[in-house]
Amino acid sequence: MNLIGENITYKPDDQFHLNNVSFNFKKGNLYTILGRTLSGKTTFLKTIAGLLNPNSGNLSFEDNDFIKIPVWERNVAMVYQQFINYPHLNVYENIIFPLKQRKISEDQIKKDVEEALKTVGLVGFENRKIQELSGGQQQRVALARSLAKKAKILLLDEPLVNLDYKLREQLREEFKRIFTQGLSEDTILIYSTTDPQEVMELNGEVIVLDEGKVLQKGPAKEIFENPRTLKVAEISNDPPMNILKGTKNSEKLSFENILINSPSHFKNLSDQGYNFGIRASEIKLDDQGEEFEIELAEISGSETLLHLKKGESKVIALIEEVMNFKIHEKVKIKFNENKLYAFDQNEELVSSPYGVSHG
Amino acid sequence: MEKLYKFLKYTFIILWTVFIVAPFLWAISTSFKDFQSVNSKVTYIPWLDFEPTLEGWRVLVKSPARGGVDIVEPYFNSLFVTCTASLISIVLGTLAAYALSRFTFKAGFVRNNDITFFFISQRIMPPIVLSIPFFIFLSTIGLLDSLIGLVVVYIVLLMPIAVWIMVDFFNRVPKELDETALIDGCNPYQAFYKVVLPNSIPGLIVAGMFCIIFGWIDFFFAFILTFTEVQLLPVKVVALNSSITPWWSLSASALISVAPLIIVAFIVERYLSKGNLSGALK
């Protein structure tokens with residue numbers, strides 16, 4: 001009864017857009033696809049929708065071979081990152097469009113549309129033209145159209161990426177509410193994004209995609225705590241996790257002539273070279289720390305991002321207050337060694353502060 | 001500075017308007033003159049300078065047997081040929097353009113762009129080069145000197161314009177719009193006529209306007225491919241000019257020749273001035 005994909009490969013030219021992707025999506029769950037731009041997220045969603053046919057692999061839903069069913073009979077809904085609505089129709093007509101296609105009774109349509117408009121907060125906008133709406137409102141219309149349709153598979157392709165910062169925050173909150181309350185038990189919701197924060201907030205099952213390949217699957221918390229490879233650690237953190245090449249020497253870790261104490265969770269690691277990972281938020285300003293040079297300081301919201309350099313090593317530190325720094329100024333920072341990750345030379349995770357739960 | 005700019009702007013607009021409108025005024029006043037008023041001295045104002053007469057207009061509807069030139073039949077011939085050819089060109093051209101914009105075609109080294117170029121290339125050659133092949137073609141299938149033959153030739157001439165404009169238009173319509181229609185339960189045909197077509201009206205109007213203009217003003221092919229059975233308006237108007245130029249009836253026929261284009265211009269102007277020819281989907 002689930003949506004099952006087996007070894008799906010899509011390779012329209014020399015490059016893999018999807019490379020041997022398998023999954024098993026259960027009804028009533030939220031799945032997020034995390035990956036950078038061009039990692040194959042949109043291809044993934046379009047394959048499920050039926051807009052693309054994979055070169056090989058199987059896709060089935062409710063025990064039907066999905067690949068044999070054309071798009072218009074699949075009963076899926078999709079929201080694009082561009083705000084796609086029908087420009088020649090008003091808000092109400094836009095939302096009833098898919099319902100009319102399915103020849104649902106007038107009364108039922110009315111009820112469904114009212115409900116959808118209420119969910120997305122657009123009651124009273126029924127007769128507006130699409131062009132008169134703001135970007136956020138247009139995206140709400142697109143979402144309302146998808147919700148009113150009551151499709152069994154709801155696909156959202158980076159729905160917030162084209163909105164400005166403030167609206168994105170606001171809509172993200174609303175999406176979370178809609179996804180937890182407004183969805184029926186037999187809907188599979190698949191949400192793709194480049195933003196790790198979105199993934200953590202939505203808190204569903206995560207699939208990390210890169211170059212068409214699934215790097216890791218699991219609950220959001222698991223991805224955050226135990227990124228299986230260096231690549232996952234980079235993709236699932238914003239700013240990306242800092243990676244420093246160094247060696248472990250019994251009780252000490254050394255990189256770039258910095259020597260720090262080895263944390264307790266590293267005690268089983270053998271003495272050799274590692275890629276140490278640390279999140280930007282785990283680097284603090286500290287007068288006792290190591291001296292780094294500021295390459296760039298950006299203030300975003302209530303935080304300051306410091307791009308720091310020492311010798312060959314570059315790190316990004318996230319300071320949780322607004323501070324003014326000059327470029328080339330020297331600052332002293334300290335790494336929170338209890339939050340260090342260790343990846344081996346094959347870039348695979350060998351130790352995490354939360355304990356490695358897989359082999 | 002502001003005032004100077006305004007002054008220059010309006011001066012230019014007035015001069016340009018005079019430049020455009022003057023020939024019309026000249027044609028209107030001339031069409032009401034007789035031989036005397038045209039050839040004796042310069043005259044402008046009716047009743048004051050000259051005695052207005054409807055002779056120039058009457059000639060146009062009189063049958064040749066009674067000394068007239070009868071342009072009524074050529075007028076309707078032209079209307080029929082232009083409208084039919086434009087309509088068929090728009091329908092076929094729009095379908096071709098949609099296919100070229102949305103689907104990938106491969107045949108040997110031929111790709112979508114090559115097909116589009118093939119359409120446009122029909123208009124690269126000067127008409128004189130095409131005239132002989134068209135002549136032989138029409139005489140072979142027995143459509144020389146007939147309305148249907150002219151419609152066929154005009155479709156060849158007009159469809160490239162329609163394809164060219166509509167391919168460009170469809171390329172600017174996001175592909176996601178069609179995809180959303182498919183996801184919302186439309187099959188590809190429904191997606192085209194329920195979603196893409198209603199959003200392409202501005203493009204269709206522009207393409208239609210160009211087809212009508214180019215069809216209506218064509219003299220060359222109408223002249224080469226017809227003799228006695230069928231005559232189109234441009235040929236008939238030019239034929240008015242004999243040993244003595246009848247300026248009055250020539251002016252009158254020129255005026256009613258441009259009338260349809262002026263009507264088309266007024267209809268299209270609404271769309272042009274709103275600037276919403278291309279921006280409908282942005």
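What share of the contacts in chain A with a separation of 6 or more comes from residues 24 or more positions apart? The share is 66%. Two residues are in contact if their C-beta atoms, placed from the backbone, lie within 7 Å.

## Basis

This is a predicted model: local features need pLDDT of at least 70, side-chain atom pairs count only at pLDDT 80 or more, and totals for chains, interfaces and linings use all residues. Residues are numbered from 1 along each chain as its sequence is written, while chains are lettered from A and ligands numbered from 1 in the order written.

## Chain A overall

Chain A has 8 helices and 20 strands. These are DSSP runs numbered from the N terminus: helices are H or I with at least four residues, strands E with at least two. Along the principal axes, the C-alpha atoms fill a box of roughly 75 × 45 × 35 Å.

Of the 359 residues, 40% are buried. Buried means 20 or more other C-beta atoms within 10 Å of the residue's own C-beta, placed from the backbone.

Strands S16(A) (residues 303–310) and S17(A) (residues 313–319) run antiparallel, joined by 7 bridges. Strands pair if DSSP finds at least two bridges between them. A:Leu306 has A:Ala317 in S17(A) as its bridge partner. The hairpin has 2 residues between the strands, and A:Gly311 takes a positive phi near 55°.

## Around A:Ala342

A:Ala342 sits in strand S19 (residues 341–343). It counts as buried because it has 22 C-beta neighbours inside 10 Å.

Leaving aside residues up to four places away in sequence, A:Ala342 touches A:Phe266, A:Leu269, A:Tyr274, A:Phe276, A:Val350 and A:Ser351. A:Phe266 is 76 residues from A:Ala342 in sequence, yet their C-alpha atoms are 8.0 Å apart.

How values were computed. Buried ≥ 20, exposed ≤ 12 C-beta atoms within 10 Å, placed from the backbone.
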